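Colleague: I am new to this one. Could you take me through it in short questions and answers?

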Amino acid sequence: MNEQDFLAGYDPRDYPAVAVTVDVVALTIREGALHLLLIRRGAPPYAGHWALPGGFVHPDEDLTAGARRELAEETGLGGDRLRRVHLEQLGSYGAPDRDPRMRVVSIAHLAFAPDLPDPVADTDADEASWLPVTALTSRQLAFDHGRIIDDGLERARSKLEYTPLATRFLAPEFTITELRAVYETVWGHPLHAGNFHRKVLSVPGFVESTGASTERGGARGGPRAKLYRAGDARLLHPALLRPAREETVR
């Protein structure tokens, strides 16, 4: 039998139905705290529970396009602002009982960017909100989204160790103090200012000077801070390890 004949007689109904969804762990920093985008479901299953933005993949789109569409629908982002959002696949989640409707496999994505706008709930959601990650325990989560969120947070924290993606939480030009604030917020640990400054400038290609400075000095006065932009490094070598991990490698 040739391939054409095989496909002509192939009936997908002979096999169990499986649906594919995308879910997005979208992170941003607001008022000095790490926030996660969640929606409160307005219909079953899990009506009233909080969930990650996501949905079924459309027949004419790939997984990344589906994730970007879902993120755009929940945040109102489009055009250049949406392209500035860092988006990557996080993992696949396919436990047989993760969705009570049918067998659903979710391809989760991780997204983060600065200054993401207030979300707008779509037609099947009661509410959409940026929630501090420290407040997650106060929310009932739908499906297996607690596990997906944990995986997304750990991925974000680890990527800040060995990639320059912390700069994606910032404006195109930033100070080392602002960069340190991103690390402290995502990692949840204070960092020594002098040591952090030294480490950042010792990593080739992490940041580069713009040659400019802030218009004013710090809150306590003093000299104006130098402004930097993201360099061309894809990986940080040496890596900037979390304080607890630094202790284990010594």
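**A walk through the model**

Colleague: Leaving aside its neighbours within four places in sequence, which residues is Arg-180 in contact with?

Modeller: Contact means heavy atoms within 4.5 Å. Neighbours of Arg-180 within four places in sequence are left aside. The residues in contact with Arg-180 are then Leu-191, His-192, Ala-193 and Phe-196.

Colleague: What kind of model is this, and how are residues numbered?

Modeller: This is a predicted model, where local features need pLDDT of at least 70, side-chain atom pairs count only at pLDDT 80 or more, and totals for chains, interfaces and linings use all residues. Side-chain values use heavy atoms, with hydrogens and water left out, and residues are numbered along each chain as its sequence is written, from 1.

Colleague: Is Arg-180 buried or exposed?

Modeller: Its place is in helix H5. Buried means under 20% relative accessible area, exposed means over 50%, and partly exposed lies in between (1.4 Å probe, protein chains only). Arg-180 has a relative accessible area of 16%, so it is buried.

Colleague: How many helices and strands does the protein chain have?

Modeller: Both are DSSP runs, numbered from the N terminus: helices are H or I with at least four residues, strands are E with at least two. By that rule the protein chain has seven helices and nine strands.

Colleague: What share of the contacts with a separation of 6 or more comes from residues 24 or more positions apart?

Modeller: The protein chain has 250 residues, and buried ones make up 41% of them. Its C-alpha atoms fill a box of roughly 75 × 45 × 40 Å along the principal axes. Among contacts with a separation of 6 or more, the share from residues 24 or more positions apart is 68%.

**Helices H4 and H5**

Colleague: At what angle do H4 and H5 pack, and how far apart are their axes?

Modeller: Two packed helices are described by the angle between their axes and the distance between the axes. Axes are lines fitted to C-alpha atoms, for helices over the stretch in contact, and angles run from 0 to 180 degrees between N-to-C directions. H4 covers residues 145-162 and H5 covers residues 176-187. The angle is about 145° and the axes are 9 Å apart.

Colleague: Is His-145 buried or exposed?

Modeller: His-145 has its place in helix H4. Not counting residues up to four places away in sequence, it touches Asp-23, Ala-51, Leu-52 and Arg-98. Its relative accessibility is 2%, so His-145 counts as buried.

**Backbone points**

Colleague: What is phi of Glu-31?

Modeller: Glu-31 lies in the loop between E1 and E2. Its relative accessible area is 85%, so it is exposed. Glu-31 is a residue other than glycine with a positive phi, near 50°.

Colleague: Is Phe-143 buried or exposed?

Modeller: Phe-143 lies in the loop between strand E7 (125-132) and H4. Its phi is positive, near 50°. With a relative accessible area of 17%, Phe-143 is therefore buried.

**Strand E7**

Colleague: What distance separates the C-alpha atoms of Ser-129 and Glu-74?

Modeller: Ser-129 is found in strand E7. Its contacts beyond four places in sequence include Leu-36, Trp-50 and Pro-119. Ser-129 and Glu-74 are 55 residues apart along the chain, and their C-alpha atoms are separated by 9.5 Å.
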